[in-house]
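Morning, everyone. I have one structure to show today. Have a look at it first.

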Amino acid sequence: MITNFQKKVLHILVVWGVLAFMTPNTTSFSFELKGFGDVTYTNSTEKGNDKDSFSLGMLDLYASQPIDDKMDVFVELVIETDATGEPVTDLERFQISYIVNDALKVRVGRFHNILGYWNTAYHHGAQLQTSVDRPAFLNFEDDGGILPTHMVGLWLSGRLKTAPATVLYGVMAGNGSRVRNGALDPNNASDDDKTKAASFRLLVEPSAVEGLGVGLSGNLSTINGYDSVPAKIMEVRQGVFSADVTYFAGNVEFIGEYYIIQDKDEFGGSNDYSSSAYYAQGGYLIGEEFLPYLRYEKTSVDENDPYFTVLGTKDTETMIGGLRYNISPASSLKAEVRGVDNGTDKFEEYAIQWAVAF
Amino acid sequence: MKLGTIFGSFLIVLCLLSVTHAADIAIIAGDDFPKGSLTSAEVKDIFLGNMEMIEGTKVFPLDQKDSEEIKKEFMKRIIEMSVIWYNRYWTKRVFREGGTPPAVKGTQDEVVRGVKEKKGTVGYIWKDEAKGKDGIKILLTLSGS
(Lines give C-alpha, C1' and ligand atoms only; values in the text may rest on other atoms or scores of the structure.)
Protein backbone atom coordinates (compact mmCIF):
# COMPACT_ATOMS: atom_id res chain seq x y z
CA MET A 1 0.00 0.00 0.00
CA ILE A 2 1.18 3.50 -0.75
CA THR A 3 0.94 5.64 2.34
CA ASN A 4 -0.33 9.19 2.23
CA PHE A 5 3.20 10.41 2.83
CA GLN A 6 4.53 8.39 -0.09
CA LYS A 7 1.69 9.62 -2.30
CA LYS A 8 2.70 13.16 -1.45
CA VAL A 9 6.35 12.46 -2.27
CA LEU A 10 5.32 10.88 -5.57
CA HIS A 11 3.08 13.82 -6.32
CA ILE A 12 5.95 16.23 -5.68
CA LEU A 13 8.25 14.28 -7.97
CA VAL A 14 5.65 14.16 -10.74
CA VAL A 15 5.31 17.94 -10.48
CA TRP A 16 9.11 18.20 -10.52
CA GLY A 17 9.23 16.02 -13.60
CA VAL A 18 6.73 18.20 -15.44
CA LEU A 19 8.66 21.31 -14.42
CA ALA A 20 11.90 19.71 -15.55
CA PHE A 21 10.48 19.20 -19.03
CA MET A 22 8.98 22.69 -19.12
CA THR A 23 11.89 24.64 -17.72
CA PRO A 24 14.87 25.50 -19.92
CA ASN A 25 18.11 24.18 -18.42
CA THR A 26 19.66 27.62 -18.56
CA THR A 27 17.78 28.96 -15.54
CA SER A 28 19.28 28.54 -12.11
CA PHE A 29 16.13 26.80 -10.87
CA SER A 30 15.99 24.04 -13.45
CA PHE A 31 17.07 20.47 -12.82
CA GLU A 32 17.21 17.24 -14.70
CA LEU A 33 15.18 14.25 -13.60
CA LYS A 34 16.87 11.00 -14.59
CA GLY A 35 16.08 7.38 -14.00
CA PHE A 36 16.67 3.68 -14.35
CA GLY A 37 14.27 0.87 -15.09
CA ASP A 38 14.33 -2.84 -15.85
CA VAL A 39 12.12 -5.78 -16.74
CA THR A 40 13.27 -9.28 -15.78
CA TYR A 41 12.12 -12.75 -16.77
CA THR A 42 13.02 -15.51 -14.30
CA ASN A 43 12.55 -19.26 -14.27
CA SER A 44 13.31 -21.42 -11.26
CA THR A 45 13.42 -25.13 -10.55
CA GLU A 46 13.20 -24.59 -6.76
CA LYS A 47 10.83 -27.01 -5.02
CA GLY A 48 7.56 -25.24 -4.31
CA ASN A 49 8.63 -22.25 -6.39
CA ASP A 50 9.20 -23.85 -9.80
CA LYS A 51 7.57 -21.19 -11.93
CA ASP A 52 8.56 -18.72 -14.55
CA SER A 53 7.50 -15.11 -14.56
CA PHE A 54 8.09 -11.64 -15.84
CA SER A 55 8.60 -8.96 -13.25
CA LEU A 56 8.91 -5.23 -13.31
CA GLY A 57 12.12 -4.23 -11.65
CA MET A 58 12.51 -0.88 -10.02
CA LEU A 59 11.53 2.36 -11.64
CA ASP A 60 14.19 4.57 -10.16
CA LEU A 61 13.91 8.35 -10.45
CA TYR A 62 16.65 10.62 -9.22
CA ALA A 63 17.67 14.25 -9.40
CA SER A 64 20.69 16.20 -8.24
CA GLN A 65 20.51 19.94 -7.90
CA PRO A 66 23.07 22.50 -6.71
CA ILE A 67 21.70 24.91 -4.12
CA ASP A 68 24.71 27.18 -4.24
CA ASP A 69 28.42 26.83 -5.03
CA LYS A 70 29.11 24.49 -2.10
CA MET A 71 25.78 22.88 -1.39
CA ASP A 72 23.61 20.47 -3.34
CA VAL A 73 20.65 18.17 -2.86
CA PHE A 74 20.23 14.63 -4.19
CA VAL A 75 16.95 12.73 -4.14
CA GLU A 76 16.18 9.18 -5.30
CA LEU A 77 12.72 7.68 -5.38
CA VAL A 78 12.07 4.05 -6.28
CA ILE A 79 8.72 2.68 -7.40
CA GLU A 80 8.56 -1.10 -7.36
CA THR A 81 6.02 -3.85 -6.88
CA ASP A 82 5.82 -5.91 -3.70
CA ALA A 83 5.14 -9.66 -3.50
CA THR A 84 1.40 -9.08 -3.95
CA GLY A 85 1.91 -6.96 -7.06
CA GLU A 86 1.00 -3.72 -5.35
CA PRO A 87 3.16 -0.71 -6.23
CA VAL A 88 5.41 0.43 -3.41
CA THR A 89 7.10 3.80 -3.37
CA ASP A 90 10.30 4.26 -1.37
CA LEU A 91 12.25 7.43 -0.79
CA GLU A 92 15.55 5.58 -1.11
CA ARG A 93 17.93 8.47 -0.73
CA PHE A 94 17.67 12.10 0.20
CA GLN A 95 20.86 13.93 0.97
CA ILE A 96 21.90 17.51 1.53
CA SER A 97 25.64 17.98 0.89
CA TYR A 98 28.08 20.72 1.77
CA ILE A 99 31.67 20.64 0.56
CA VAL A 100 34.28 22.22 2.83
CA ASN A 101 37.17 21.08 0.65
CA ASP A 102 38.17 17.93 -1.23
CA ALA A 103 39.11 16.29 2.06
CA LEU A 104 35.78 16.96 3.76
CA LYS A 105 32.23 16.77 2.48
CA VAL A 106 29.34 16.82 4.96
CA ARG A 107 26.01 15.20 4.16
CA VAL A 108 22.82 14.71 6.14
CA GLY A 109 19.82 12.62 5.12
CA ARG A 110 19.22 9.03 4.07
CA PHE A 111 22.05 7.26 2.27
CA HIS A 112 23.37 3.90 1.29
CA ASN A 113 25.46 2.64 4.17
CA ILE A 114 29.17 2.94 3.34
CA LEU A 115 29.55 -0.77 3.93
CA GLY A 116 31.73 -2.55 1.39
CA TYR A 117 32.11 -1.91 -2.32
CA TRP A 118 28.86 -3.08 -3.88
CA ASN A 119 26.58 -1.19 -1.53
CA THR A 120 28.60 1.98 -2.08
CA ALA A 121 28.99 1.70 -5.84
CA TYR A 122 25.71 0.20 -7.02
CA HIS A 123 22.36 1.42 -5.92
CA HIS A 124 18.98 0.63 -7.42
CA GLY A 125 19.73 1.10 -11.11
CA ALA A 126 20.26 -2.39 -12.57
CA GLN A 127 21.82 -0.87 -15.69
CA LEU A 128 24.89 0.17 -13.72
CA GLN A 129 25.76 -3.25 -12.31
CA THR A 130 27.11 -5.98 -14.55
CA SER A 131 24.83 -8.75 -13.25
CA VAL A 132 21.04 -9.02 -13.03
CA ASP A 133 20.93 -8.88 -9.23
CA ARG A 134 23.06 -7.93 -6.25
CA PRO A 135 24.75 -10.69 -4.27
CA ALA A 136 21.88 -12.14 -2.21
CA PHE A 137 23.38 -11.27 1.18
CA LEU A 138 23.65 -7.63 0.04
CA ASN A 139 19.97 -7.36 -0.90
CA PHE A 140 18.19 -4.29 0.42
CA GLU A 141 16.42 -4.48 3.77
CA ASP A 142 12.96 -4.73 2.18
CA ASP A 143 14.14 -7.48 -0.17
CA GLY A 144 15.33 -10.06 2.34
CA GLY A 145 18.66 -8.39 3.05
CA ILE A 146 20.65 -9.30 6.16
CA LEU A 147 22.90 -6.23 6.37
CA PRO A 148 22.04 -2.60 7.11
CA THR A 149 22.28 -1.20 3.56
CA HIS A 150 20.73 2.18 4.37
CA MET A 151 21.24 4.71 7.12
CA VAL A 152 19.53 7.94 8.16
CA GLY A 153 21.88 10.41 9.77
CA LEU A 154 25.18 12.19 9.16
CA TRP A 155 27.92 11.30 6.64
CA LEU A 156 31.39 12.77 6.44
CA SER A 157 33.62 11.83 3.52
CA GLY A 158 36.68 13.03 1.66
CA ARG A 159 39.46 12.31 -0.77
CA LEU A 160 43.17 12.69 -0.09
CA LYS A 161 45.47 12.44 -3.08
CA THR A 162 49.08 11.57 -2.39
CA ALA A 163 51.87 10.37 -4.66
CA PRO A 164 51.66 6.67 -3.75
CA ALA A 165 47.88 6.46 -3.55
CA THR A 166 44.52 8.18 -3.45
CA VAL A 167 42.74 7.58 -0.15
CA LEU A 168 38.99 7.94 0.19
CA TYR A 169 37.35 7.79 3.59
CA GLY A 170 33.85 7.93 4.95
CA VAL A 171 32.32 8.03 8.43
CA MET A 172 28.60 7.73 9.11
CA ALA A 173 26.47 7.97 12.22
CA GLY A 174 22.73 7.54 12.38
CA ASN A 175 19.75 5.48 13.36
CA GLY A 176 20.54 1.81 13.76
CA SER A 177 18.30 -0.77 12.13
CA ARG A 178 15.67 -2.93 13.79
CA VAL A 179 14.03 -6.19 12.78
CA ARG A 180 10.29 -6.00 12.42
CA ASN A 181 8.11 -8.92 11.35
CA GLY A 182 11.14 -10.86 10.16
CA ALA A 183 12.63 -8.09 8.01
CA LEU A 184 15.30 -5.46 8.56
CA ASP A 185 14.04 -1.90 8.81
CA PRO A 186 16.48 1.06 8.75
CA ASN A 187 14.36 3.18 11.14
CA ASN A 188 13.70 5.99 8.69
CA ALA A 189 11.21 7.94 10.77
CA SER A 190 12.93 7.70 14.15
CA ASP A 191 15.23 5.39 16.07
CA ASP A 192 13.69 2.69 18.25
CA ASP A 193 16.38 3.03 20.91
CA LYS A 194 18.92 5.51 22.24
CA THR A 195 22.01 3.94 20.70
CA LYS A 196 23.24 5.17 17.35
CA ALA A 197 24.86 3.13 14.60
CA ALA A 198 28.27 4.07 13.20
CA SER A 199 29.97 3.07 9.96
CA PHE A 200 33.34 3.69 8.41
CA ARG A 201 34.98 3.01 5.08
CA LEU A 202 38.54 3.41 3.89
CA LEU A 203 39.42 2.90 0.24
CA VAL A 204 42.97 3.01 -1.09
CA GLU A 205 43.67 3.30 -4.81
CA PRO A 206 47.43 2.83 -5.35
CA SER A 207 48.98 4.93 -8.11
CA ALA A 208 51.23 2.06 -9.17
CA VAL A 209 48.32 -0.15 -10.28
CA GLU A 210 45.69 1.79 -12.17
CA GLY A 211 42.18 0.46 -11.58
CA LEU A 212 42.97 -1.32 -8.31
CA GLY A 213 41.06 -0.48 -5.13
CA VAL A 214 41.42 -2.01 -1.69
CA GLY A 215 38.79 -1.20 0.92
CA LEU A 216 37.97 -1.80 4.57
CA SER A 217 34.55 -1.08 6.08
CA GLY A 218 32.67 -1.57 9.31
CA ASN A 219 29.32 -0.97 10.95
CA LEU A 220 28.60 -1.03 14.68
CA SER A 221 25.04 -0.97 15.98
CA THR A 222 22.51 -2.34 18.41
CA ILE A 223 19.62 -4.08 16.70
CA ASN A 224 16.32 -4.89 18.37
CA GLY A 225 13.82 -7.40 17.00
CA TYR A 226 10.04 -7.13 17.37
CA ASP A 227 7.17 -9.45 16.61
CA SER A 228 3.85 -8.38 15.13
CA VAL A 229 2.42 -7.20 18.49
CA PRO A 230 5.00 -5.47 18.52
CA ALA A 231 6.85 -6.97 21.47
CA LYS A 232 10.61 -7.06 21.76
CA ILE A 233 11.96 -10.55 21.07
CA MET A 234 15.64 -9.92 20.30
CA GLU A 235 18.50 -7.54 20.96
CA VAL A 236 22.04 -7.93 19.65
CA ARG A 237 25.08 -5.72 19.62
CA GLN A 238 26.35 -6.17 16.10
CA GLY A 239 29.66 -5.54 14.39
CA VAL A 240 29.91 -5.98 10.63
CA PHE A 241 33.41 -5.82 9.15
CA SER A 242 34.33 -6.20 5.51
CA ALA A 243 37.31 -6.15 3.19
CA ASP A 244 37.05 -5.67 -0.55
CA VAL A 245 39.31 -5.73 -3.58
CA THR A 246 38.27 -4.29 -6.92
CA TYR A 247 40.05 -4.07 -10.23
CA PHE A 248 38.66 -2.23 -13.23
CA ALA A 249 41.20 -1.75 -15.98
CA GLY A 250 40.93 -2.10 -19.73
CA ASN A 251 38.45 -4.86 -20.46
CA VAL A 252 38.83 -6.63 -17.12
CA GLU A 253 36.61 -6.17 -14.08
CA PHE A 254 36.85 -7.94 -10.76
CA ILE A 255 35.07 -7.42 -7.44
CA GLY A 256 35.62 -9.47 -4.30
CA GLU A 257 34.19 -8.81 -0.84
CA TYR A 258 34.37 -10.69 2.45
CA TYR A 259 32.12 -9.90 5.42
CA ILE A 260 32.21 -11.00 9.05
CA ILE A 261 29.04 -10.44 11.08
CA GLN A 262 29.53 -10.64 14.85
CA ASP A 263 26.50 -10.56 17.13
CA LYS A 264 26.41 -10.45 20.92
CA ASP A 265 23.11 -11.51 22.41
CA GLU A 266 21.83 -8.82 24.80
CA PHE A 267 18.33 -10.19 25.29
CA GLY A 268 18.23 -13.89 26.05
CA GLY A 269 21.82 -14.37 27.15
CA SER A 270 25.33 -13.12 26.55
CA ASN A 271 26.61 -15.45 23.85
CA ASP A 272 28.75 -14.29 20.96
CA TYR A 273 28.07 -15.46 17.41
CA SER A 274 30.09 -15.11 14.26
CA SER A 275 28.94 -15.54 10.67
CA SER A 276 30.41 -14.74 7.29
CA ALA A 277 29.43 -13.95 3.73
CA TYR A 278 31.48 -13.33 0.63
CA TYR A 279 31.44 -13.21 -3.14
CA ALA A 280 33.85 -12.86 -6.04
CA GLN A 281 32.76 -11.65 -9.45
CA GLY A 282 34.82 -11.32 -12.60
CA GLY A 283 34.05 -10.26 -16.14
CA TYR A 284 35.79 -9.52 -19.41
CA LEU A 285 34.46 -6.96 -21.90
CA ILE A 286 34.71 -8.13 -25.51
CA GLY A 287 34.59 -5.11 -27.80
CA GLU A 288 32.19 -2.55 -26.35
CA GLU A 289 29.19 -4.86 -26.32
CA PHE A 290 29.68 -8.32 -24.83
CA LEU A 291 30.59 -8.91 -21.21
CA PRO A 292 30.58 -12.52 -19.99
CA TYR A 293 30.84 -12.80 -16.21
CA LEU A 294 30.98 -15.30 -13.37
CA ARG A 295 30.13 -14.88 -9.71
CA TYR A 296 30.42 -17.18 -6.72
CA GLU A 297 28.75 -16.17 -3.47
CA LYS A 298 28.36 -17.88 -0.13
CA THR A 299 26.59 -17.02 3.10
CA SER A 300 27.37 -19.04 6.26
CA VAL A 301 25.42 -18.06 9.36
CA ASP A 302 25.54 -19.35 12.93
CA GLU A 303 22.18 -21.10 13.27
CA ASN A 304 22.01 -20.19 16.97
CA ASP A 305 22.44 -16.45 16.34
CA PRO A 306 19.11 -14.85 17.34
CA TYR A 307 19.59 -12.14 14.70
CA PHE A 308 19.61 -14.65 11.85
CA THR A 309 16.90 -16.71 13.54
CA VAL A 310 14.40 -13.83 13.46
CA LEU A 311 15.44 -12.97 9.89
CA GLY A 312 15.08 -16.62 8.82
CA THR A 313 18.50 -16.61 7.09
CA LYS A 314 19.85 -19.89 5.72
CA ASP A 315 23.30 -20.91 4.59
CA THR A 316 23.38 -20.41 0.84
CA GLU A 317 25.87 -21.05 -1.90
CA THR A 318 25.31 -19.70 -5.41
CA MET A 319 27.26 -19.95 -8.65
CA ILE A 320 26.29 -17.55 -11.42
CA GLY A 321 27.30 -17.46 -15.05
CA GLY A 322 26.01 -14.67 -17.25
CA LEU A 323 26.38 -12.66 -20.40
CA ARG A 324 25.70 -8.95 -20.64
CA TYR A 325 25.11 -7.33 -24.01
CA ASN A 326 25.39 -3.54 -24.10
CA ILE A 327 22.77 -2.48 -26.63
CA SER A 328 23.88 1.12 -26.17
CA PRO A 329 25.59 3.09 -23.39
CA ALA A 330 22.18 3.46 -21.75
CA SER A 331 20.71 0.00 -22.24
CA SER A 332 21.71 -3.61 -21.75
CA LEU A 333 20.40 -7.16 -22.04
CA LYS A 334 21.63 -9.69 -19.48
CA ALA A 335 21.14 -13.45 -19.38
CA GLU A 336 22.10 -15.46 -16.28
CA VAL A 337 22.11 -19.04 -15.06
CA ARG A 338 22.36 -19.59 -11.31
CA GLY A 339 22.98 -22.78 -9.40
CA VAL A 340 21.72 -22.38 -5.84
CA ASP A 341 22.27 -24.62 -2.81
CA ASN A 342 20.44 -23.42 0.31
CA GLY A 343 21.07 -26.48 2.45
CA THR A 344 17.63 -27.99 1.95
CA ASP A 345 17.35 -27.75 -1.83
CA LYS A 346 19.60 -27.49 -4.84
CA PHE A 347 18.04 -25.78 -7.81
CA GLU A 348 18.67 -23.65 -10.88
CA GLU A 349 17.43 -20.22 -11.77
CA TYR A 350 17.44 -18.58 -15.17
CA ALA A 351 17.05 -14.86 -15.65
CA ILE A 352 16.92 -12.44 -18.58
CA GLN A 353 16.88 -8.74 -17.88
CA TRP A 354 16.53 -5.66 -20.04
CA ALA A 355 17.79 -2.64 -18.16
CA VAL A 356 17.82 1.00 -19.23
CA ALA A 357 19.04 4.38 -18.03
CA PHE A 358 17.13 7.43 -19.18
CA MET B 1 39.38 20.82 -63.95
CA LYS B 2 42.60 18.96 -64.39
CA LEU B 3 43.16 15.74 -62.48
CA GLY B 4 46.29 17.23 -60.91
CA THR B 5 44.34 20.23 -59.58
CA ILE B 6 41.71 17.95 -58.03
CA PHE B 7 44.39 15.77 -56.46
CA GLY B 8 46.22 18.85 -55.18
CA SER B 9 43.03 20.26 -53.65
CA PHE B 10 42.35 16.92 -52.02
CA LEU B 11 45.83 16.90 -50.48
CA ILE B 12 45.36 20.44 -49.16
CA VAL B 13 42.06 19.47 -47.53
CA LEU B 14 43.71 16.42 -45.98
CA CYS B 15 46.52 18.59 -44.64
CA LEU B 16 44.04 21.08 -43.17
CA LEU B 17 42.13 18.28 -41.49
CA SER B 18 45.29 16.85 -40.03
CA VAL B 19 46.28 20.32 -38.79
CA THR B 20 42.90 20.59 -37.03
CA HIS B 21 43.38 17.20 -35.33
CA ALA B 22 46.86 18.14 -34.21
CA ALA B 23 46.01 21.63 -32.98
CA ASP B 24 46.89 22.64 -29.45
CA ILE B 25 44.16 22.79 -26.82
CA ALA B 26 44.25 25.51 -24.18
CA ILE B 27 42.85 24.91 -20.71
CA ILE B 28 41.48 28.29 -19.71
CA ALA B 29 39.98 30.08 -16.72
CA GLY B 30 39.06 33.61 -15.82
CA ASP B 31 41.70 36.11 -14.71
CA ASP B 32 40.57 35.66 -11.09
CA PHE B 33 41.26 31.89 -11.02
CA PRO B 34 43.32 31.17 -7.86
CA LYS B 35 46.16 29.38 -9.67
CA GLY B 36 48.30 30.39 -12.62
CA SER B 37 48.70 26.90 -14.02
CA LEU B 38 47.40 23.35 -13.70
CA THR B 39 48.96 19.99 -14.41
CA SER B 40 47.26 17.58 -16.79
CA ALA B 41 46.52 15.31 -13.78
CA GLU B 42 44.75 18.21 -12.04
CA VAL B 43 42.71 18.99 -15.15
CA LYS B 44 41.72 15.32 -15.37
CA ASP B 45 40.69 15.33 -11.71
CA ILE B 46 38.63 18.49 -12.22
CA PHE B 47 36.74 17.05 -15.19
CA LEU B 48 36.18 13.75 -13.34
CA GLY B 49 34.80 15.60 -10.33
CA ASN B 50 37.64 14.41 -8.09
CA MET B 51 39.01 17.91 -7.51
CA GLU B 52 36.20 20.22 -6.48
CA MET B 53 38.09 22.92 -4.60
CA ILE B 54 41.31 24.80 -5.35
CA GLU B 55 42.69 27.11 -2.66
CA GLY B 56 39.23 27.62 -1.17
CA THR B 57 37.54 28.26 -4.50
CA LYS B 58 34.91 25.84 -5.86
CA VAL B 59 35.92 24.62 -9.30
CA PHE B 60 33.40 24.20 -12.14
CA PRO B 61 34.44 22.22 -15.22
CA LEU B 62 32.92 23.49 -18.44
CA ASP B 63 32.48 20.90 -21.16
CA GLN B 64 31.66 21.02 -24.86
CA LYS B 65 29.13 19.13 -26.96
CA ASP B 66 29.80 15.44 -27.68
CA SER B 67 29.75 16.14 -31.42
CA GLU B 68 32.60 18.67 -31.25
CA GLU B 69 36.01 17.52 -32.48
CA ILE B 70 37.72 19.33 -29.62
CA LYS B 71 35.81 17.25 -27.07
CA LYS B 72 37.01 14.02 -28.63
CA GLU B 73 40.58 15.35 -28.62
CA PHE B 74 40.28 16.55 -25.03
CA MET B 75 38.97 13.16 -23.94
CA LYS B 76 41.85 11.43 -25.71
CA ARG B 77 44.62 13.71 -24.47
CA ILE B 78 43.47 14.31 -20.87
CA ILE B 79 40.65 12.09 -19.68
CA GLU B 80 41.81 8.95 -21.48
CA MET B 81 38.24 7.79 -22.09
CA SER B 82 35.94 7.83 -25.08
CA VAL B 83 33.07 10.33 -25.00
CA ILE B 84 30.65 7.43 -24.40
CA TRP B 85 32.60 6.13 -21.40
CA TYR B 86 32.97 9.66 -20.03
CA ASN B 87 29.20 10.18 -20.13
CA ARG B 88 28.71 6.77 -18.52
CA TYR B 89 31.22 7.70 -15.83
CA TRP B 90 29.22 10.82 -14.91
CA THR B 91 25.94 8.93 -14.85
CA LYS B 92 27.48 6.50 -12.36
CA ARG B 93 29.14 9.22 -10.33
CA VAL B 94 26.05 11.42 -9.94
CA PHE B 95 23.96 8.38 -9.04
CA ARG B 96 26.53 7.20 -6.48
CA GLU B 97 27.48 10.43 -4.81
CA GLY B 98 25.18 13.22 -5.99
CA GLY B 99 26.68 16.39 -7.44
CA THR B 100 26.33 17.55 -11.01
CA PRO B 101 28.24 16.75 -14.22
CA PRO B 102 30.09 19.52 -16.08
CA ALA B 103 27.90 22.12 -17.77
CA VAL B 104 28.05 21.96 -21.56
CA LYS B 105 28.59 24.93 -23.88
CA GLY B 106 27.88 24.96 -27.57
CA THR B 107 30.69 27.13 -28.93
CA GLN B 108 34.23 28.21 -28.11
CA ASP B 109 32.99 31.77 -27.49
CA GLU B 110 30.45 30.49 -24.97
CA VAL B 111 33.24 28.67 -23.13
CA VAL B 112 35.28 31.89 -23.00
CA ARG B 113 32.26 33.82 -21.71
CA GLY B 114 31.56 31.03 -19.19
CA VAL B 115 35.01 31.07 -17.59
CA LYS B 116 34.95 34.88 -17.38
CA GLU B 117 31.49 35.02 -15.84
CA LYS B 118 31.95 32.58 -12.93
CA LYS B 119 35.04 32.40 -10.76
CA GLY B 120 36.54 28.93 -10.57
CA THR B 121 35.24 27.82 -13.97
CA VAL B 122 37.71 25.85 -16.09
CA GLY B 123 37.12 25.20 -19.78
CA TYR B 124 39.00 24.12 -22.88
CA ILE B 125 39.22 25.66 -26.35
CA TRP B 126 41.55 25.49 -29.36
CA LYS B 127 44.61 27.49 -28.41
CA ASP B 128 44.28 29.67 -31.52
CA GLU B 129 40.86 30.76 -30.29
CA ALA B 130 42.34 31.99 -27.02
CA LYS B 131 44.62 34.50 -28.70
CA GLY B 132 43.69 38.11 -28.03
CA LYS B 133 40.88 37.21 -25.63
CA ASP B 134 40.76 39.50 -22.59
CA GLY B 135 39.84 38.36 -19.09
CA ILE B 136 41.09 34.79 -19.43
CA LYS B 137 44.32 32.99 -18.71
CA ILE B 138 45.74 29.78 -20.12
CA LEU B 139 46.40 27.28 -17.33
CA LEU B 140 47.80 24.50 -19.51
CA THR B 141 48.44 23.83 -23.18
CA LEU B 142 47.84 20.35 -24.53
CA SER B 143 50.10 19.85 -27.47
CA GLY B 144 48.57 18.25 -30.52
CA SER B 145 51.73 16.65 -31.76
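This is a predicted model: local features need pLDDT of at least 70, side-chain atom pairs count only at pLDDT 80 or more; totals for chains, interfaces and linings use all residues.

Residues are numbered from 1 along each chain as its sequence is written, with chains lettered from A and ligands numbered from 1 in the order in which they are written.

Start with chain B. Five strands make an open sheet, ordered β5-β4-β6-β1-β7, with mixed pairing. Strands here are DSSP E runs of at least two residues, helices are H or I runs of at least four, and both are numbered from the N terminus. Pairing takes at least two DSSP bridges. β5 (103–105) and β7 of chain B are the edges. β1(B) and β7(B) run antiparallel, joined by six bridges. Ala26(B) sits opposite Thr141(B) there.

Now the core. The largest nonpolar core holds 25 residues. That term means buried Ala, Val, Leu, Ile, Met, Phe, Trp, Tyr and Cys joined through C-beta atoms within 7 Å. Buried means 20 or more other C-beta atoms within 10 Å, with C-beta atoms placed from the backbone. β1(B) gives the largest share, five residues. Ile27(B) is among those with the most contacts inside the core.

Last, the two chains. How many residues of chain B are in contact with chain A? 16, and they meet 19 residues of chain A. Contact means C-beta atoms, placed from the backbone, within 7 Å. Helix α4 (residues 83–97) of chain B gives the most to its side, eight residues.

Key
Two residues are in contact if their C-beta atoms, placed from the backbone, lie within 7 Å. A residue is buried if 20 or more other C-beta atoms lie within 10 Å of its own, exposed if 12 or fewer, and partly exposed in between; C-beta atoms are placed from the backbone.
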